[in-house]
Amino acid sequence: MLGSPSNHTLLNTATFILLGVPGLEAAHLWLAVPLSAMYSVALLGNIIIVTVIWTDSALHEPMYHFLCVLAAVDIVMSTSVTPKMLNIFWSGNGIIGFAACFTQMYIVHATTAIETGLLLAMAFDRYIAICKPLHHQTILTPQTMIRMGMAIISRAIIAMTPITWMVVHLPYCASHVVPHSYCEHMAVAKLACGDHMPSSLYSLIVSFIIVGTNVIFIATSYSLILQAVFSLPSQDARVKALSTCGSHVSIMVLFYLPGILSVSMAWLGQHVVPLHTQVLLADFYLVIPPMLNPLIYGLKIKCIRERVWNAVTTSILGYICQNSAKEKRPIQVCVLEHSESKWVAQPQM
């Protein structure tokens with residue numbers, strides 16, 4: 001395992017060294033086990049969601065398109081950090097190149113910004129579907145969805161590129177040991193010999209603006225949705241609408257609450273919140289929501305649950321039938337019979 005920062009000698013100044021979870025080095029192997037399980041579930045679940053929605057034409061609707069993109073973003077976000085974290089926890093190898101470190105930082109920032117935009121788009125879709133159902137198809141056309149997607153990606157790139165650019169151009173002439181499991185912005189910026197406060201303030205302001213505006217719009221959308229739902233005459237319609245909206249609200253709480261706590265703890269500092277608590281929260285924030293999102297879809301959204309179950313049962317039954325057919329297939333044995341003129345091969349069953 002990696003020791004204290006003072007014991008490290010950098011063979012190459014163009015690298016950083018990630019410590020994992022400072023203060024819990026002895027528990028790295030124990031942390032690797034649940035992290036491996038959560039990452040495996042996140043990958044498998046989100047791949048299933050993407051595959052089911054992509055291949056089933058009946059699910060080619062705005063809500064399911066947003067869920068499909070959200071699952072793809074979850075795969076990218078968790079994969080950008082988890083393999084390296086597991087490498088640190090299993091082997092203690094925390095060396096990462098400058099380019100890889102800043103690329104990882106940018107991917108984490110960009111994917112989280114894209115995910116916040118997707119959650120806002122999902123709230124808008126539910127508002128149109130429930131409050132203006134007759135206009136849903138005319139408002140959320142394929143062209144409108146493409147424009148929304150481009151706006152979400154553009155906002156993420158425009159907002160997050162300056163953060164990485166400012167951190168990249170800081171001088172790193174002292175310690176290159178990052179007290180974190182991945183290249184988290186604040187942890188890396190604090191290693192700089194120059195003034196890192198501009199990038200830190202920019203990160204805080206941008207995060208506050210993006211998250212704050214999104215939460216306001218999402219809360220407004222769901223307050224209007226709740227008013228419309230409770231005015232529905234049918235009990236079944238109310239239950240169905242609340243079930244769908246409940247799954248979306250669960251996803252948003254899972255995403256926003258840990259993120260807000262993680263940023264707040266980083267700014268409060270080690271004298272208020274222990275460093276290992278900050279690192280663990282930041283680590284699991286990038287793994288737990290991607291793991292739980294597909295489980296929530298499967299449990300809450302009936303269409304996806306039925307499609308996944310049908311795909312699984314069809315695959316299992318097809319495999320069983322194929323093996324049974326192979327076992328029952330007759331085997332042909334050729335017996336050579338001698339005649340006066342030639343040998344004749346006759347198959348026998």
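This is a predicted model: local features need pLDDT of at least 70, side-chain atom pairs count only at pLDDT 80 or more; totals for chains, interfaces and linings use all residues.
## Helix packing

Residues are numbered from 1 along each chain as its sequence is written, and side-chain values use heavy atoms, without hydrogens and water.

Helix α2 (residues 62-91) packs against α3 at an angle of about 160°, the axes lying 9 Å apart; α2 and α3 are therefore roughly antiparallel. The residues of this contact comprise 17 nonpolar, 4 polar and 5 charged. Here Ala, Val, Leu, Ile, Met, Phe, Trp, Tyr, Cys and Pro count as nonpolar, Asp, Glu, Lys and Arg as charged, and the others, Gly among them, as polar.

## Sheet

An open sheet of 3 strands is ordered β2-β1-β3, with mixed pairing (two strands pair if DSSP finds at least two bridges between them). Its edge strands, β2 (95-97) and β3 (177-178), each pair on one side only. Strand β1 (residues 15-18) runs parallel to β3, joined by 2 bridges, and Leu-18 stands opposite Val-178 in β3.

## Largest pocket

The lining of the largest pocket has 43 residues; Glu-184, Ser-207, Gly-259, Ser-262 and Val-263 lie nearest the centre. At least two lining residues come from each of α3 (98-131), α6 (185-189), α7 (197-230), α8 (235-268) and α9 (275-285). α8 gives the most, with 10 residues. By type, the lining divides into 26 nonpolar, 15 polar and 2 charged residues.

Conventions: On a 1 Å grid over the protein atoms alone, a cavity is a set of points where a 1.4 Å probe fits but cannot get out, and a pocket is an open set with protein on both sides within 12 Å along at least five of seven lines; lining residues have an atom within 4 Å of a point. Helices (H or I, at least four residues) and strands (E, at least two) are DSSP runs, numbered from the N terminus. Axes are lines fitted to C-alpha atoms, for helices over the stretch in contact, and angles run from 0 to 180 degrees between N-to-C directions. Angles under 35 degrees count as roughly parallel, over 145 as roughly antiparallel, 65 to 115 as roughly perpendicular and the rest as oblique.
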